[in-house]
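This briefing goes with the structure shown below. It is meant to be read with the sequence and the model side by side.

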Amino acid sequence: MSDASGGIAVGSLLLALLGGAMRVSTPFLFVSLGECITEKSGRINLGLEGTLVFGAMSGYGVAYLTGSPWLGILAAGGSGLLLGVMHGLLCSLPRVNDIAVGIAMMLFGTGLAFFLGKPLIQPVAPTLPSLVLGGWSSNTQIQEALRINVLLPIGIVLAFALRWAFVHTRWGLALRLVGDNAAAARALGYPVIPVRIAATAVGGFLAGIGGAFLSLYYPGSWNEGLSSGQGLMAVALVIFARWDPVRCALAALLFGAAGALGPALQSQGMTSGYYLFNAAPYVLTLILMSMSWSSGRSLAGAPGELSLVNR
Amino acid sequence: MSLLPLVAALFVTAVLFALFVASQGYPAFDALALVGKGAFGSTFAWQNTLSRAAPIMLTALCVALPARAGLLIIGGEGALALGGLAAAMVPVALAGWPVLLVQGLMALAGFVVGGGWIALSGWLRYKRGVNETISSLLLAYIGAAVFNFLVEGILRDPASLNKPSTAPIGDRYVIGAIPGMDVHWGLVWGVLVCIGAWWLMRHTVFGFAVGVAGGNPRAAQMVGLPVGRLMLMACFLGGGAAGLAGMLEVAAVHGDANADLMAGYGYAGILVSFAARHHPLGVMAGALLVGGIGASGSLLQRHLDLPDAATLVLQGMLFVSLLAFETLNRKGAQRV
């Protein structure tokens with residue numbers, strides 16, 4: 001009897017993890033795809049954490065004012081684009097370090113979002129619709145786990161599209177060339193700096209959308225504690241995924257599951273270690289980073305111009 | 001010369017902040033004047049600024065010292081929280097012991113725990129090649145989780161009902177105010193540690209070796225310097241300074257360890273260290289500036305009804321401008 005009930009608990013825990021993975025992974029997915037594009041161009045943007053928070057705020061604000069969550073998504077992407085352009089331009093100045101600018105943009109983006117978002121803490125904005133895939137089952141837990149947000153399939157399609165585009169399109173090749181060997185790109189007549197600025201801008205656009213997911217779907221409201229390092233973990237995730245968009249998507253799901261561990265255990269009645277389980281994604285990131293990085297050796301698949309890898 | 005980028009950045013920040021504030025419908029010049037007044041305009045303002053500067057100059061060392069070894073550490077907030085928590089445990093365990101001994105042991109506990117936490121990032125970098133900037137910030141989040149877990153769990157004082165806290169350290173062990181000022185002795189500790197760090201980094205063989213290892217790790221290895229150990233030491237000392245900041249906040253401000261400890265001083269320290277170009281003495285001036293910005297927050301809120309995040313916006317603008325004007329520096333870029 002006790003065995004059976006234990007089995008049910010494990011089963012529903014796994015279901016909660018699966019559902020949580022699909023729910024929590026979307027911001028990871030969008031930020032990591034954006035960062036993947038930026039890093040392919042040979043730059044790293046650590047400021048995406050700030051972009052994520054700012055996107056969450058602006059997306060929520062516009063969705064509240066216009067009544068349309070889709071306009072909110074667009075506004076979040078647009079503001080992320082602007083922050084990306086800002087990062088891209090600043091790093092194009094001589095003697096300016098992209099990692100340092102990223103840290104500054106992280107603090108700037110969050111500060112600005114908190115300032116402008118003060119009046120948005122109370123109002124309720126419309127949220128994004130979800131797709132119900134579990135209608136075939138009478139089990140409410142399965143239905144709940146399979147209720148996914150519309151951005152997740154969009155992101156997964158985008159991941160495959162990006163992987164294809166990196167290899168098969170002209171701009172994909174130009175992007176990778178600029179990121180791997182700036183001198184060669186220049187010799188072939190590609191404008192290195194504009195390509196990098198564009199790549200950072202597109203990266204910011206996607207990260208902004210990831211932020212809008214936080215405020216418009218899950219948790220689905222705007223407050224100052226909305227993001228705690230998701231943007232930064234997504235940057236680390238790109239390295240773990242070896243700059244491959246499809247592997248970014250898989251890693252994002254893994255991180256989502258880790259992020260869902262705390263709430264899932266809590267719903268099972270485990271409350272004592274709540275804070276520690278919430279730290280699981282950070283610990284997972286650290287472990288994965290130390291497994292995929294290794295001193296002295298270069299990282300397979302790393303863009304050659306990336307300051308993060310060969311300093 | 002080397003001050004030109006700083007002055008230009010300050011000027012541009014003031015203009016940008018005024019424009020931003022005006023665009024939000026607040027009086028721009030009043031806001032700028034209030035920042036000056038709230039930071040340095042009165043004795044009270046100075047005391048507020050100096051009290052904030054004390055922990056900030058220490059968390060700035062958490063960036064500045066590893067930077068000397070070529071590492072960019074941004075996780076000082078975690079070292080501050082855990083160092084403060086460790087320090088808060090000392091008087092609980094050693095109640096009744098002599099005041100100076102207990103305070104010294106509190107400082108030691110804060111230093112060792114904070115230092116160990118940041119040294120973990122240095123170790124991951126040296127042993128596994130993990131980027132220390134990302135790992136240190138992740139460790140700051142993990143540190144906050146561990147802090148909350150312990151303070152709301154086994155270390156919680158049952159008497160702290162609304163705000164989970166550790167047991168109070170007791171009035172005997174509180175670090176008091178400097179005579180004639182409403183600023184605690186922590187400021188003097190901070191200044192002494194900064195001077196000590198400057199002496200260590202600029203006037204000792206150890207400091208020179210750290211600089212060589214940071215400037216050119218391969219060359220350092222060739223001449224037989226223990227690069228890994230030097231990196232670890234620089235991280236340990238930096239983290240120790242941040243842990244000491246946590247100890248001072250516990251012993252002089254809060255009287256116990258609670259979540260108020262994580263007030264963002266660790267992040268303010270990053271800006272300060274960059275503003276000072278990672279110079280341990282310049283860090284003191286930078287801490288005064290950023291402490292002043294923080295101190296002006298309540299005045300901005302009271303008089304103009306600006307959100308409290310206004311000081312964060314100002315700090316962010318200052319940070320971005322400082323880095324942008326780095327391009328004017330002809331003496332070459334900072335490596336980190």
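This is a predicted model: local features need pLDDT of at least 70, side-chain atom pairs count only at pLDDT 80 or more; totals for chains, interfaces and linings use all residues.

For chain B, the average pLDDT is 93, and 98% of the residues score at least 70.

**Helix pair in chain A**

- Helix α2 (residues 48-66) of chain A packs against helix α9 (residues 192-216) of chain A at an angle of about 55°, and their axes are 6 Å apart.
- The crossing of α2(A) past α9(A) is right-handed.
- On the α2(A) side, the contact is made by A:Leu48, A:Thr51, A:Leu52, A:Gly55, A:Ala56, A:Gly59, A:Tyr60 and A:Ala63.
- On the α9(A) side, the contributors include A:Gly203, A:Gly204, A:Ala207, A:Gly208, A:Gly210 and A:Gly211.
- By residue type, this contact between α2(A) and α9(A) has nine nonpolar, nine polar and no charged residues.

- Helix α11 (residues 265-275) of chain B is mostly covered, with ten of its eleven residues buried.
- Among the buried residues of α11(B) are B:Tyr265, B:Gly266, B:Ile270, B:Leu271, B:Val272 and B:Phe274.
- Helix α4 (residues 76-93) of chain B and α11(B) pack at an angle of about 135°, with 7 Å between their axes.
- That angle makes α4(B) oblique to α11(B).
- The two helices α4(B) and α11(B) cross in a right-handed sense.
- B:Gly76, B:Glu77 and B:Leu80 of α4(B) meet B:Tyr265, B:Gly266 and B:Tyr267 of α11(B).
- The residues of this contact between α4(B) and α11(B) are three nonpolar, two polar and one charged.

**Two residues and their surroundings**

- A:Ser25 is part of helix α1 (residues 2-40) of chain A.
- Buried means under 20% relative accessible area, so A:Ser25, at 1%, counts as buried.
- Apart from its neighbours within four places in sequence, A:Ser25 is in contact with A:Gly20, A:Leu152, A:Ala252, A:Leu253 and A:Gly256.
- B:Trp185 sits in the loop between α6 (132-151) and α7 (186-203) of chain B.
- B:Trp185 has a relative accessible area of 36% and is partly exposed.
- B:Trp185 and B:Leu248 are separated by 63 residues in sequence and by 8.8 Å in space, C-alpha to C-alpha.

**Backbone features to check by eye**

- Most residues other than glycine have a negative phi, and most peptide bonds are trans.
- A:Arg95 is not a glycine, yet its phi is positive, about 65°.
- A:Arg95 is in the loop between α3 (69-92) and α4 (98-117) of chain A, and with a relative accessible area of 32% A:Arg95 is partly exposed.
- B:Arg277, also not a glycine, has a positive phi of about 50°.
- B:Arg277 follows α11(B) and lies in the loop between α11 and α12 (282-295) of chain B.
- The relative accessibility of B:Arg277 is 31%, which counts as partly exposed.
- The peptide bond from A:Tyr218 to A:Pro219 is cis, with omega near 0°.
- A:Pro219 is in the loop between α9 and α10 (230-240) of chain A.

Technical notes: Residues are numbered from 1 along each chain as its sequence is written. Chains are lettered from A and ligands numbered from 1 in the order in which they are written. Side-chain values use heavy atoms; hydrogens and water are left out. Helices (H or I, at least four residues) and strands (E, at least two) are DSSP runs, numbered from the N terminus. Buried means under 20% relative accessible area, exposed over 50%, partly exposed in between (1.4 Å probe, protein chains only). Contact means heavy atoms within 4.5 Å. Axes are lines fitted to C-alpha atoms, for helices over the stretch in contact, and angles run from 0 to 180 degrees between N-to-C directions. A crossing is left-handed if the near helix is turned anticlockwise from the far one by less than a right angle, and right-handed if clockwise. Ala, Val, Leu, Ile, Met, Phe, Trp, Tyr, Cys and Pro count as nonpolar, Asp, Glu, Lys and Arg as charged, and the others, Gly among them, as polar. pLDDT is the predictor's confidence in each residue, from 0 to 100. Angles under 35 degrees count as roughly parallel, over 145 as roughly antiparallel, 65 to 115 as roughly perpendicular and the rest as oblique.
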